[in-house]
Amino acid sequence: MSTIENTQPLACKELVELVTDYLEGSLPAAERARIDRHIAGCDGCSAYIEQMRVTLRALGSIPEETITPQAREALLHAFRDFRAG
Ligand SMILES: [Zn+2]
């Protein structure tokens, strides 16, 4: 992980990787800003963040095993379908 501030647009895949840290408030401000910018223009990730926020509130925290590589793949496929439609 580079410490240089990354101002490149965030990919959906990256957002999925960062969502738990984002919701737990443990991301650096620059990373949070990248996510905020991304979800402002991405309905799929906006919906995903909202769903995760509800889940987090319900559970109090997100167990590591909640987001498996398989779940990430399924989400990314769902995003593609969503954006294609
Ligand atoms: Zn996205």
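**Helix packing, starting with α1 and α3**

The axes of α1 and α3 cross at roughly 30 degrees and come within 10 Å. So α1 is roughly parallel to α3. On the terms: angles under 35 degrees count as roughly parallel, over 145 as roughly antiparallel, 65 to 115 as roughly perpendicular, and the rest as oblique. Axes are lines fitted to C-alpha atoms, for helices over the stretch in contact, and angles run from 0 to 180 degrees between N-to-C directions.

Before I go on, a word on where this comes from. This is a predicted model: local features need pLDDT of at least 70, side-chain atom pairs count only at pLDDT 80 or more, and totals for chains, interfaces and linings use all residues. Residues are numbered from 1 along each chain as its sequence is written, and side-chain values use heavy atoms, with hydrogens and water left out.

Back to the pair. α1 passes α3 in a right-handed crossing. Handedness works like this: left-handed if the near helix is turned anticlockwise from the far one by less than a right angle, right-handed if clockwise. Who makes the contact? From α1, Cys 12, Leu 15, Val 16, Val 19, Thr 20, Tyr 22, Leu 23 and Glu 24. From α3, Cys 45, Tyr 48, Ile 49, Met 52, Arg 53 and Leu 56. Contact here means heavy atoms within 4.5 Å. By class, the residues of this α1 with α3 contact are eleven nonpolar, one polar and two charged. Nonpolar covers Ala, Val, Leu, Ile, Met, Phe, Trp, Tyr, Cys and Pro; charged covers Asp, Glu, Lys and Arg; the others, Gly among them, are polar.

Two α3 residues deserve a stop. Take Ile 49, in helix α3, residues 43–59. Buried or exposed? Ile 49 counts as buried, at 2% relative accessibility. The cut-offs: buried is under 20% relative accessible area, exposed is over 50%, partly exposed is in between, with a 1.4 Å probe and protein chains only. Leaving out residues up to four places away in sequence, Ile 49 touches Leu 15, Val 19, Tyr 22, Leu 23, Ile 35 and Ile 39.

Met 52 counts as buried at 7% relative accessibility. Met 52 and Thr 20 are 32 residues apart along the chain, with their C-alpha atoms separated by 8.0 Å.

**α1 and α2**

Now helix α1, residues 12–24, against helix α2, residues 29–40. They pack at an angle of about 125 degrees, axes 11 Å apart. That makes α1 oblique to α2. The crossing of α1 past α2 is left-handed. On the α1 side, the contact uses Cys 12, Glu 14, Leu 15, Leu 18 and Tyr 22. On the α2 side, Glu 31, Arg 32, Arg 34, Ile 35, Asp 36, His 38 and Ile 39. The residues of this α1 with α2 contact divide into six nonpolar, one polar and five charged.

**α2 and α3**

Third pair. The axes of α2 and α3 come within 7 Å and cross at roughly 120 degrees. So α2 is oblique to α3. Ile 35, His 38 and Ile 39 in α2 meet Cys 45, Ser 46 and Ile 49 in α3. The classes for α2 with α3: four nonpolar, two polar, no charged residues.

Two more residues. Glu 73 is in helix α4, residues 69–84. Glu 73 is partly exposed, with a relative accessible area of 42%. Glu 73 and Val 16 are 57 residues apart along the chain, and 9.8 Å separates their C-alpha atoms. Gln 8 sits in the segment before α1. Gln 8 is exposed, at 53% relative accessible area.

**The whole chain**

How many helices and strands? Four helices and zero strands. These are DSSP runs, numbered from the N terminus: helices are H or I with at least four residues, strands are E with at least two. Along the sequence the pattern is α-α-α-α. Of the protein's 85 residues, 31% count as buried. Among contacts with a separation of 6 or more, 67% come from residues 24 or more positions apart.
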